[in-house]
Amino acid sequence: MTNPFAEILSSEEEIRELLGYPSEVVRKKTVHTLDVHCRRFISMSPLLFLSTSDDEGFCDVSPRGDASGSVLVLDEKHLVIPERPGNRRFDSLRNILSNPRVGMIFIIPGLEETLRVNGKAYIIKDEPILERMKAREKRPVLGIGVEVEECFIHCAKAFKRSGVWNSESWAEAGTLPSIPTILTAHVRSSEYTEEVIRKGLEESYEKRLY
């Protein structure tokens, strides 16, 4: 397939010439520990996005959602994300095994600014730590421990432009993409009809969240 992009930038200087430089506040806002403000933000966040890549640079981003406070902050340099039941692809875990560098965005519903945290990840099975992250009487089998290297607040422009918290901007329920339809088209197997996939999803959401 022919590359449709005719004008590709190849240096930071070209980008800076077009878009400029950050303000003093942006340059100075990064901290390197989980201070009281970062800890409070994380404690109120029920959703984060975890970015990983393998040793060849192939990337993945995975949403991690749970009750607020489910991400455990151990101290000013370490936090743990519980590994709840998923689809067993283990994209994030496999990437961490080959490249431990991770990035996270923590989200608080209704707040347009987000908290970005970057660091080095480990796959852990420390029982005393995992016991502290039990939910519905179930302890996670594994956790993702992160040694924090930098944290900073990300501005609200993306959320303001998208209007994601404004329910008036949401599409009507009947116009939303049908996930069973999409999965049926992607799986391409006569065994997995839309109805089979729909029931499988419902069962998974009802019985295997924790």
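1. Is Phe 159 buried or exposed? Phe 159 is buried, at a relative accessible area of 17%. Here "buried" stands for under 20% relative accessible area, "exposed" for over 50%, and "partly exposed" for what falls in between (1.4 Å probe, protein chains only).

2. A word on the model before going further. This is a predicted model, where local features need pLDDT of at least 70 and side-chain atom pairs count only at pLDDT 80 or more, while totals for chains, interfaces and linings use all residues. Residues are numbered from 1 along each chain as its sequence is written, and side-chain values use heavy atoms, with hydrogens and water left out.

3. Back to Phe 159, which has a partner. Searching the whole structure turns up 1 aromatic pair: Phe 159 with Trp 165, stacked, at 5.8 Å centre to centre and 25 degrees between the planes. Rings of Phe, Tyr and Trp (its six-membered ring) pair if their centres lie within 6.5 Å; planes under 30 degrees apart are stacked, over 60 edge-to-face, and the rest tilted. Trp 165 itself is partly exposed, at 35%.

4. Now look inside. A nonpolar core is a set of buried Ala, Val, Leu, Ile, Met, Phe, Trp, Tyr and Cys residues joined through side-chain atoms within 4.5 Å. The largest one here has 23 residues, and Leu 79, Met 104 and Phe 106 have the most contacts inside it. Among the elements that each supply at least two of its residues are helix 3 (36-43), helix 4 (91-98) and strand 7 (142-154). Strand 7 gives the most, with 4 residues. Another core lies apart from that one; it has 6 residues, including Val 80 and Ile 124. (Helices, H or I with at least four residues, and strands, E with at least two, are DSSP runs numbered from the N terminus.)

5. Next, follow the strands. Two strands pair if DSSP finds at least two bridges between them. Strand 5 and strand 6 are antiparallel, with 6 bridges, and strand 6 runs antiparallel to strand 7 over 11 bridges. In the hairpin of strands 5 and 6, Gly 110 has a positive phi near 90 degrees.

6. Most residues other than glycine have a negative phi. Phe 90, in the loop between strand 4 and helix 4, has a positive phi near 60 degrees and is partly exposed, at 41%. Arg 188 has a positive phi of about 55 degrees; this residue sits in the loop between helix 7 and helix 8 and is exposed, at 69%.
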